[in-house]
Amino acid sequence: MLSERENEAVSRVGPGTLMGSLMRQYWLPAMLASELPRPDGDPVRVMLLGEQLVAFRDTKGQVGLLAHSCPHRGASLFFGRNEEDGLRCVYHGWKFDVNGRCVDMPNEPPASTFRDKVRACAYPCVERGGVVWAYLGPRATPPPLPDLEALELPENQADVFAIQRECNWLQALEGDIDTSHFGFLHFGATRKEEAGPGTFLYYAVADRAPRYALVDTEYGSMYGAYRPAGPGRLYWRIAQFLFPFYTHIPSGTLGRQVLTRAWVPMDDHHTLFVSMGAAAPRPRRQASGSSRPRRAALRTPLRPNSTGWHGRFRLEADAANDYLIDRNWQRNGDFTGIDGIFTQDQAVTESMGPVYDRTKEHLGSSDVMVIRVRRRLLDAARALAERGAVPPGVDEPHVYATRSGSVILPEKADWLSATEELRRARVSHPELDLALETR
Amino acid sequence: MLSERENEAVSRVGPGTLMGSLMRQYWLPAMLASELPRPDGDPVRVMLLGEQLVAFRDTKGQVGLLAHSCPHRGASLFFGRNEEDGLRCVYHGWKFDVNGRCVDMPNEPPASTFRDKVRACAYPCVERGGVVWAYLGPRATPPPLPDLEALELPENQADVFAIQRECNWLQALEGDIDTSHFGFLHFGATRKEEAGPGTFLYYAVADRAPRYALVDTEYGSMYGAYRPAGPGRLYWRIAQFLFPFYTHIPSGTLGRQVLTRAWVPMDDHHTLFVSMGAAAPRPRRQASGSSRPRRAALRTPLRPNSTGWHGRFRLEADAANDYLIDRNWQRNGDFTGIDGIFTQDQAVTESMGPVYDRTKEHLGSSDVMVIRVRRRLLDAARALAERGAVPPGVDEPHVYATRSGSVILPEKADWLSATEELRRARVSHPELDLALETR
Amino acid sequence: MLSERENEAVSRVGPGTLMGSLMRQYWLPAMLASELPRPDGDPVRVMLLGEQLVAFRDTKGQVGLLAHSCPHRGASLFFGRNEEDGLRCVYHGWKFDVNGRCVDMPNEPPASTFRDKVRACAYPCVERGGVVWAYLGPRATPPPLPDLEALELPENQADVFAIQRECNWLQALEGDIDTSHFGFLHFGATRKEEAGPGTFLYYAVADRAPRYALVDTEYGSMYGAYRPAGPGRLYWRIAQFLFPFYTHIPSGTLGRQVLTRAWVPMDDHHTLFVSMGAAAPRPRRQASGSSRPRRAALRTPLRPNSTGWHGRFRLEADAANDYLIDRNWQRNGDFTGIDGIFTQDQAVTESMGPVYDRTKEHLGSSDVMVIRVRRRLLDAARALAERGAVPPGVDEPHVYATRSGSVILPEKADWLSATEELRRARVSHPELDLALETR
């Protein structure tokens with residue numbers, strides 16, 4: 001439970017807010033690189049931390065990210081001409097490069113120096129791992145990018161995609177650091193016999209009330225949920241929160257899973273979920289407990305992107321159609337009646353409302369990580385606001401080189417030391433093995 | 001005319017408001033029983049007094065009405081599994097019975113006592129007369145249901161239906177205690193010759209400016225509108241307001257009409273009109289003055305219910321289509337060009353805006369009952385707020401056993417004593433006669 | 001740049017606002033006369049200066065403009081019966097004439113004097129030049145209409161039309177007093193060779209950064225943008241702002257162009273652009289620099305009017321469809337990829353947001369007229385508010401008898417004296433010549 005004031009503080013991300021200021025210390029995944037497929041192509045509207053921006057790829061292939069409002073008289077640069085290394089406002093012809101410099105001001109006399117006094121609001125961008133990263137922060141020289149293993153994957157082994165969620169970023173993220181929901185929302189109707197003896201899923205559904213261990217780290221926090229896995233052994237699901245909004249989830253095999261999930265606030269009510277990971281082989285069999293085959297166990301269909309501020313990466317199954325819930329399917333075996341893991345997550349977190357009111361919640365032992373992460377976020381944001389403390393990870397990119405996943409350990413083992421090697425990102429190692437378990 | 005402050009006070013119904021607190025003293029018609037057709041069926045979203053609720057019928061057939069937000073982490077119970085005497089949240093599997101008790105918390109260890117500390121917000125419900133009644137108030141033991149005659153009708157003689165109105169409850173209700181509009185909005189183009197000499201309608205359209213008598217009662221207020229009905233006789237239309245939002249309208253024959261209409265606030269901008277009465281035979285002839293036959297004099301088509309908070313019992317004819325007004329019909333004989341009595345009422349009361357601004361009105365002699373009822377509502381709400389006075393009728397269910405309707409009396413008769421017997425509800429009497437006039 | 005407070009002051013137009021009070025001193029173009037095609041026809045919803053009004057044409061052909069809310073109990077007079085010189089509310093039959101007098105109150109006793117005490121809010125209207133003019137101000141006797149030449153045109157020589165713009169009135173108007181955008185938004189891709197040597201367009205695109213002269217006038221402000229037009233000559237584009245929201249644009253030939261454009265605030269976020277001018281012959285050739293023919297150089301298709309408050313004169317190309325921008329066309333020769341001059345203007349001014357935030361702009365030398373007009377508006381509005389000063393033109397209708405347009409002058413000529421005769425409206429002169437250049 002949070003007070004109303006804390007809840008506002010941890011949720012709001014616009015310019016000048018506590019959490020918005022924290023996030024502006026970091027590089028942010030602003031969009032997929034594939035949204036700007038070619039030089040001099042169409043500009044794209046991007047909503048990020050409550051700011052209305054326009055992205056474009058210039059003639060040299062560089063990405064620019066400008067405030068959409070022209071600094072002259074405010075016409076939207078979305079309608080601009082993307083031409084010869086700059087975006088030209090169609091109202092009076094002012095042209096800006098990716099750095100925000102006004103490189104042409106053709107409605108002023110040639111001798112005018114006014115051009116040098118005008119700058120568009122432009123944010124530095126780099127492309128890495130199929131994602132356009134933007135820095136909206138105060139430093140003249142941005143910090144380094146985080147050493148996320150997923151960003152180093154060869155292109156043909158990477159799987160990057162995005163889904164927009166219509167709710168505040170934090171309640172979306174909290175679903176990812178809450179392994180407890182896995183055995184209900186996603187596998188609530190699966191019996192252990194169906195899961196197959198000895199599989200992770202077998203142990204997960206055999207005991208749906210695990211215990212928890214938690215530790216703070218340089219990058220954020222890590223926890224393990226553990227339960228019996230046969231005589232003398234425990235099944236550990238180990239997952240991580242990394243500042244300011246990344247998760248490493250416990251679903252794959254620890255040591256083999258390469259996956260980072262980002263919960264990027266578009267604005268207070270919309271979140272861009274960006275999944276960056278190693279490409280998984282298609283699942284061979286159905287994991288659901290239902291006799292009815294799932295239409296798509298992992299991916300659910302997206303609507304075509306539109307050009308609107310909130311028109312990107314929207315699921316077809318959404319609040320307006322109750323996530324295409326099939327009540328008969330729910331009655332006759334499936335747990336939710338909602339098809340697809342992503343859609344199930346979408347349904348519950350969006351159903352909490354645009355910004356979840358945490359003054360009314362009742363947190364149990366399974367919510368220990370949720371509680372811890374909120375605390376760390378608020379502490380870091382306040383430390384920044386009150387004494388300018390650089391938040392975790394901003395200047396230590398290497399701390400992001402870590403992995404999460406599931407593992408079976410001897411009952412007596414210390415989970416931290418026993419998994420230290422498995423949690424180390426190995427992308428730069430020669431023995432890199434990217435053949436991954438079905439997540 | 002009301003001051004802005006009074007207007008707000010008498011209109012707003014959310015938790016903690018003056019009028020909202022008054023209404024929470026009473027049982028409320030929350031929904032039709034037919035909306036929950038079978039045990040373990042689909043949950044239904046119910047908006048009531050500004051609260052977002054989920055209704056479900058459990059395995060035993062009992063109706064539950066819970067705050068839609070799970071007390072754990074706020075996922076909507078609308079997506080819950082309705083199973084074995086409880087509604088189970090699909091996020092983490094917490095299950096609640098119709099009383100709000102948490103009867104299963106499977107993601108906590110079996111030994112945990114946390115389950116006993118968590119309760120869902122649940123409101124007591126009973127079914128009567130085809131309606132699900134809910135009590136949202138503070139008493140541990142709710143008061144008795146009102147002795148509304150319509151609730152005692154045998155199922156095959158009852159006619160219960162609902163229509164959503166997109167405006168504040170009070171302006172909707174005020175149309176019902178304003179008999180003056182009858183001769184305009186509904187019969188403005190009807191000539192007395194068409195009505196047929198000697199019928200109620202004949203006298204109503206022969207003199208469209210009746211005089212009024214008014215009296216306060218134990219259940220609220222009653223008035224009679226009277227006008228000549230031939231030598232030495234008066235045609236009386238007698239109608240009632242019953243706390244907190246019921247009306248008994250004057251249209252049928254006094255002594256034979258069994259009909260209660262409820263104006264239940266869903267929220268400040270939406271009202272559920274619930275009509276509970278004895279089934280009327282289909283009307284045999286058209287009452288309209290137009291040569292064009294009305295498509296449906298009494299009932300107008302509803303859109304199919306959707307699952308949204310405001311998706312229940314919406315008329316096809318609505319503000320977005322100007323209530324399907326036919327201007328040529330209006331020009332050539334009909335008064336409004338709008339088809340159907342319910343739709344006509346809907347059009348004028350919704351057109352006043354979401355909450356009618358009563359600082360600008362000009363009330364005439366025909367508005368005496370409107371003025372009186374506002375005063376009684378405000379007085380009762382303030383008496384409750386200031387000194388805890390139990391509002392009228394809460395603990396006197398018998399006062400609701402009354403009837404309204406039209407009657408012809410000798411000019412010299414005292415309307416109150418002359419109609420005392422006719423106004424008495426007779427459902428429990430052996431001589432019950434439910435053959436009703438066309439309303 | 002304006003302060004936030006000044007920006008609010010100059011933008012908001014509702015009752016009681018600074019700018020709203022200024023505008024209420026003048027006659028306003030409320031709607032086209034053609035929207036009320038016949039006596040006793042359908043009423044029309046009109047939003048004007050933030051007020052919800054209903055217009056109707058009575059049996060005698062007079063136009064009435066009433067507050068839509070019935071003064072009795074607030075039902076919308078939009079649903080009223082337009083009959084025998086009055087609009088009758090269908091709720092209780094009260095009937096109002098075009099002056100707002102209650103001419104019938106049939107639900108009150110015949111002897112009642114209540115009728116004389118009730119007035120509908122009614123605004124005086126006159127028809128002139130195909131436009132219904134309304135006076136929403138405080139004077140018992142309205143001021144004279146402005147002597148706008150376009151209002152005196154014979155009907156068969158007049159061209160009057162309207163387009164709704166979804167943004168604040170001032171940013172819409174500012175596009176009209178900013179000749180600098182002409183060479184970009186509308187002709188940014190046109191080469192002078194295409195324009196044809198010696199034409200106005202030739203000089204306009206040969207030098208897209210003209211210099212400016214500006215002068216205050218009795219009606220508002222006037223400016224000229226000038227640039228070379230061959231040896232010893234200058235091409236002058238002369239344009240005017242006339243209180244409170246009119247423009248005379250410089251595109252036609254000075255001395256021959258008869259055209260007034262009004263930017264009438266419907267509410268803070270919607271503007272009715274009303275163009276009143278002499279009918280132009282259809283353009284014979286394409287002015288665009290593109291090889292692809294424009295579908296309609298001047299007029300763009302409108303959606304059919306609906307009955308809603310904002311349902312009148314909407315372009316088919318709007319924000320929701322990005323003004324039907326064709327990015328390939330923009331890439332391959334056209335400047336904007338948006339078809340039609342009106343739509344191009346619409347796109348840039350609407351893209352600034354509902355009310356443009358002028359605290360962030362950077363005004364250059366081409367914005368001198370924009371700056372001046374804002375100052376004059378604020379000064380006049382404050383003078384009215386603070387000491388009751390009658391604003392410019394209210395009581396001097398003759399000052400509106402002026403013309404704008406393009407002209408070539410000797411380099412040494414004084415632009416004001418050299419154009420004095422050409423700028424004089426000549427409609428009443430026998431030598432009136434309405435054959436106009438293609439605008």
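Hello everyone, and let me start with a term we will need throughout: contact means heavy atoms within 4.5 Å. A second one concerns elements: helices (H or I, at least four residues) and strands (E, at least two) are DSSP runs, numbered from the N terminus.

Now some ground rules. This is a predicted model, where local features need pLDDT of at least 70 and side-chain atom pairs count only at pLDDT 80 or more, while totals for chains, interfaces and linings use all residues. Residues are numbered from 1 along each chain as its sequence is written, chains are lettered from A and ligands numbered from 1 in the order in which they are written, and side-chain values use heavy atoms, with hydrogens and water left out.

Let's begin with helix 1 of chain A, residues 4–11. Its buried residues are A:E6, A:N7, A:A9, A:V10 and A:S11, where buried means under 20% relative accessible area, exposed over 50%, and partly exposed in between (1.4 Å probe, protein chains only). What covers them? Among the parts of chain A that cover the buried residues of helix 1 are helix 2 (18–23), helix 4 (169–174) and helix 10 (368–387).

Next, how the chains are arranged. Two copies of a chain are related by a rotation about an axis and a shift along it. For chain C on chain A, the rotation is 120° with 0.0 Å of shift, and the RMSD is 0.0 Å. In chain C, C:A320 comes closest to the rotation axis, with its C-alpha at 11 Å.

On to the interfaces. The size of an interface is often given as the accessible area lost when the parts come together. Chain C and chain A bury about 2600 Å² between them, and carbon and sulfur atoms give 51% of it. On the chain C side, C:D322, C:R327 and C:H362 lose the most area to chain A, together 23% of what that side buries. The contact involves 36 residues from chain C and 31 residues from chain A.

How many salt bridges join chain C and chain A? There are four, a salt bridge being a side-chain nitrogen of Lys or Arg within 4 Å of a carboxyl oxygen of Asp or Glu. One of the pairs across these chains is A:R45 with C:D322, whose closest N and O atoms are 3.2 Å apart. As for elements, helix 5 (182–186), helix 8 (327–331), helix 9 (341–350) and helix 10 (368–387) of chain C each supply at least two residues of the side that touches chain A.

Turning to chain B and chain A, 31 residues of chain B are in contact with 36 residues of chain A. These chains bury about 2600 Å² between them, 52% of it on carbon and sulfur atoms. In chain B, the residues that lose the most area to chain A are B:R73, B:F79 and B:Y91, together 30% of what that side buries. Four salt bridges are found across this interface, and B:R45 meets A:D322 in a salt bridge at 3.2 Å, N to O.

Now let's look inside the chains. Over all chains, the structure has 87 salt bridges. A:E149 pairs with A:R403, the closest N and O atoms being 2.5 Å apart. This pair links distant parts of the chain, 254 residues apart: A:E149 is in the loop between strand 10 (131–135) and strand 11 (158–165), and A:R403 is in the loop between helix 10 and strand 18 (405–410). Buried or exposed? Both A:E149 and A:R403 are buried.

In chain B, B:R374 and B:E174 form a salt bridge at 2.7 Å, N to O. B:R374 sits in helix 10 and B:E174 in helix 4, 200 residues apart. B:R374 is buried at 3% relative accessibility, and B:E174 is buried at 2%.

Last stop, the cysteines. A disulfide is a covalent bond between the sulfur atoms of two cysteines. Why does B:C167 form none? Because its sulfur is 15 Å from the closest cysteine sulfur, in C:C89, too far for a bond.

Key
Disulfide = S-S within 2.5 Å. Least-squares fit on C-alpha atoms with pLDDT ≥ 70 in both. Buried area = accessible area lost by both parts, 1.4 Å probe.
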